[in-house]
Amino acid sequence: VAMTSVQLGLAVSVGLIDRIGAEGAPWLRLVCAAAILLVLVRPRITTFSRSGLLACLMLGVVTAGLTLLFMAAVARLPLGTASALEFLGPLGVAVVRDRGGRRIWPVLAAVGVLLLTEPWLGEIDLAGVGFALAAALCWAAYILLTQRVGDEVAGLRGLAVSMGVACLVATAVVGIGSAGTV
């Protein structure tokens, strides 16, 4: 259900890029998510440990980066290509954490990404690839930080705070980015 929700949200967001831009679509997603979570959960920051709050802040920054960078990639690449490149983040985490030595699956996945992106044709948007790979790094950090927040903060409070931080970071990035166009 969660993955279906994420994918449907991405599909709707891709359609929004044409109307409100590659910065506006992820910003709107983060604002809505933060508003819903902060209203429903109502986390009290004073109840957080210092390390728990720091983990939530870092997760918020990474979430904003992941969302903004991925939408910037999708604005330049087909959704499937951007998703395949972005998936290298979780794949990297799985490879590093794999203790069983089954290294054939990551190699096959990497070959799949190459086949999807077809870099040998020379038609790929390098900026889009760069944004997708940066989003992959953010996704890897997101996985690690989500586990840390889950260990440090009970319930949905950590998620609510991190989404609030992501909203603020995205607002600052989008605001600074559009300041030159006013």
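Reader: What does a side-chain oxygen of Asp125 reach at the start of H6?

Author: This is a predicted model. In it, that oxygen of Asp125 comes to within 2.9 Å of the backbone nitrogen of Ala127.

Reader: How does the reach of H6 compare with the expected value?

Author: Helix H6 covers residues 126–152, which is 27 residues. From first C-alpha to last, H6 reaches 38 Å. That is close to the 39 Å expected at 1.5 Å a residue.

Reader: Which residues of H6 are buried?

Author: They are Gly128, Val129, Ala132, Ala135, Ala136, Cys138, Ala140, Leu145 and Val149.

Reader: How far is Ala136 from Leu91, in sequence and in space?

Author: In sequence, 45 residues separate them. In space, their C-alpha atoms are 9.1 Å apart.

Reader: Where is Leu91, and why is Leu91 called buried?

Author: Leu91 sits in helix H4, residues 88–97. Its relative accessible area is 14%. Buried means under 20%, so Leu91 is buried. Beyond four places in sequence, Leu91 touches Pro106 and Ala109.

Reader: Why does Thr81 count as buried?

Author: Thr81 has a relative accessible area of 8%. The limit is under 20%, so Thr81 is buried. Thr81 belongs to helix H3, residues 79–86. Apart from neighbours within four places in sequence, Thr81 is in contact with Leu116, Thr117 and Ile124.

Reader: What about Thr67: why is Thr67 given its label?

Author: Thr67 has 15% relative accessibility. That falls under 20%, so Thr67 is buried. Thr67 lies in helix H2, residues 50–74. Setting aside residues up to four places away in sequence, Thr67 touches Pro26 and Leu30.

Reader: Which backbone atom lies 2.8 Å from a polar atom of the side chain of Thr67?

Author: The backbone oxygen of Thr63 does.

Reader: Why is Leu108 called partly exposed?

Author: Leu108 has a relative accessible area of 45%. Leu108 is in helix H5, residues 104–117.

Definitions and conventions
Residues are numbered from 1 along each chain as its sequence is written. This is a predicted model: local features need pLDDT of at least 70, side-chain atom pairs count only at pLDDT 80 or more; totals for chains, interfaces and linings use all residues. Side-chain values use heavy atoms; hydrogens and water are left out. Helices (H or I, at least four residues) and strands (E, at least two) are DSSP runs, numbered from the N terminus. Buried means under 20% relative accessible area, exposed over 50%, partly exposed in between (1.4 Å probe, protein chains only). The expected span of a helix is 1.5 Å times one less than its number of residues. A polar contact is a pair of N or O atoms within 3.5 Å; within protein, one must be able to donate a hydrogen and the other to accept it, and residues adjacent in sequence count only if both atoms are side-chain atoms. Contact means heavy atoms within 4.5 Å.
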